Amino acid sequence: MRIYLYILAGITSALIGWNVGQFFLTDLGLLQQFPEVILFPCIAISLAIGMVMNEIFISNPTRWKLSFRIAKTPLLIALVLGLLAGLIAGGISQILFLPQIRLPTPIIRIFSWLFIGASVGLAEGLSWRWHSMEAGDPKRFWQRFKASVIGASAASLLAAGLFEFIRLSLGTTPPDGFKNIEDPLGFSILGLFLGLVFSITNSPSYLGALRAGAGFEYTGPNYYLDIDPELTADNQKSSYIDRSVLKFVSEDYTDEIEEGLSIQLPGSGIIRIGSAVKKANIYIPDLPLHIADLILKKREAILSPNPQQFHNIEVNGERLTDRKNIPLKHNYVLTFHPVPMDGNHEEKIYRFVYYNRFLDPQA
């Protein structure tokens, strides 16, 4: 479904831009002697805005008010970059069309489309920072930004190449019927390829996250000092993460697990859960030394219980009855018990919610 929405948005945005350009050229009669100066900015702006809005609304399919609220800055970026790129592409095209230069039309068209596609990639990549928490990670931001720009540029070249191939296959003098649909067909192909590429480069990161819940309520080092003056931060037990392989999504100054914080999981590897100091990647003091592993693969996470401790684990409220590995899905609730589940003797539980895509308010 995602790929179809992107392709539809690309084609629709391109056609809207072309029609707006025709309105300025035909109905208003603006710069009819320099049509590319009007047409290219309209198409570039429409494609940039269309791709940015499509990404925002796909990321928030049920939160329309939030989408409109956060779209202001991204749309402004798309408008400015589309306008500048379109004007530059249109101006250079008009210069290259001068009789004194005599550059082949296909080369001019390919160059212009490349400029338009690159501007759409720039707008989509830059605006992402203003509507996604995930973009706060500089490495992830630049990775996605480069993918957007390079992917959009490559899509523009492929679209231009395909369009020129269609024109050449019709001969040196295309039929009159084709001339009437030449521009909208060409820009529809451009929008299609851009939508196809963005559906890939903008796909959800699928980095897993564990959101801490019950059992990780914050107390702080001074919480009980007024009750028990002998209690200090040194003799309190607290849960923490191994920061050499893990980090919190929104906090980077602490390693202590607190309710509401989300642990960002790596894309691959094994995360050990238990109470073994310096060996557990997620350390929880009251659990067995090693209660389970999280086996992380590309777009997949598997809970692998310790064969001797599986009875201390619940998945979605159901106690495990064997040691089989469990593939985790989005919103699975994992509960770990410090003691065997024997009725009322349980004093505490530790609960996480697993997310199979990056924890983001706009995700």
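Look at the loop between β11 (326–327) and β12 (332–336): that's where asparagine 331 sits in this predicted model. Asparagine 331 isn't a glycine, yet its phi is positive, at about 75°. Its relative accessible area is 43%, so asparagine 331 counts as partly exposed.

Now hop over to another loop, the one between α1 and α2, where you'll find leucine 31. Here too there's a positive phi, about 45°, on a residue that is not a glycine. Phenylalanine 34 is in the loop between α1 (2–27) and α2 (35–59) as well. Leucine 31 is partly exposed, with 39% relative accessibility, and phenylalanine 34 is partly exposed too, at 38%.

Next, the helices. Here's how two pairs of them pack:

| Helix pair | Angle | Distance between axes |
|---|---|---|
| α1 and α2 | about 150° | 8 Å |
| α2 and α4 | about 150° | 7 Å |

Why call α2 and α4 roughly antiparallel? Angles over 145 degrees count as roughly antiparallel, and α2 packs against α4 (residues 72–96) at about 150°, so this pair gets that label. α1 and α2 are therefore roughly antiparallel to each other too, given their angle of about 150°.

What about handedness? The crossing of α1 and α2 is right-handed, and α2 also makes a right-handed crossing as it passes α4.

Terms used
Residues are numbered from 1 along each chain as its sequence is written. This is a predicted model: local features need pLDDT of at least 70, side-chain atom pairs count only at pLDDT 80 or more; totals for chains, interfaces and linings use all residues. Side-chain values use heavy atoms; hydrogens and water are left out. Helices (H or I, at least four residues) and strands (E, at least two) are DSSP runs, numbered from the N terminus. Buried means under 20% relative accessible area, exposed over 50%, partly exposed in between (1.4 Å probe, protein chains only). Axes are lines fitted to C-alpha atoms, for helices over the stretch in contact, and angles run from 0 to 180 degrees between N-to-C directions. Angles under 35 degrees count as roughly parallel, over 145 as roughly antiparallel, 65 to 115 as roughly perpendicular and the rest as oblique. A crossing is left-handed if the near helix is turned anticlockwise from the far one by less than a right angle, and right-handed if clockwise.
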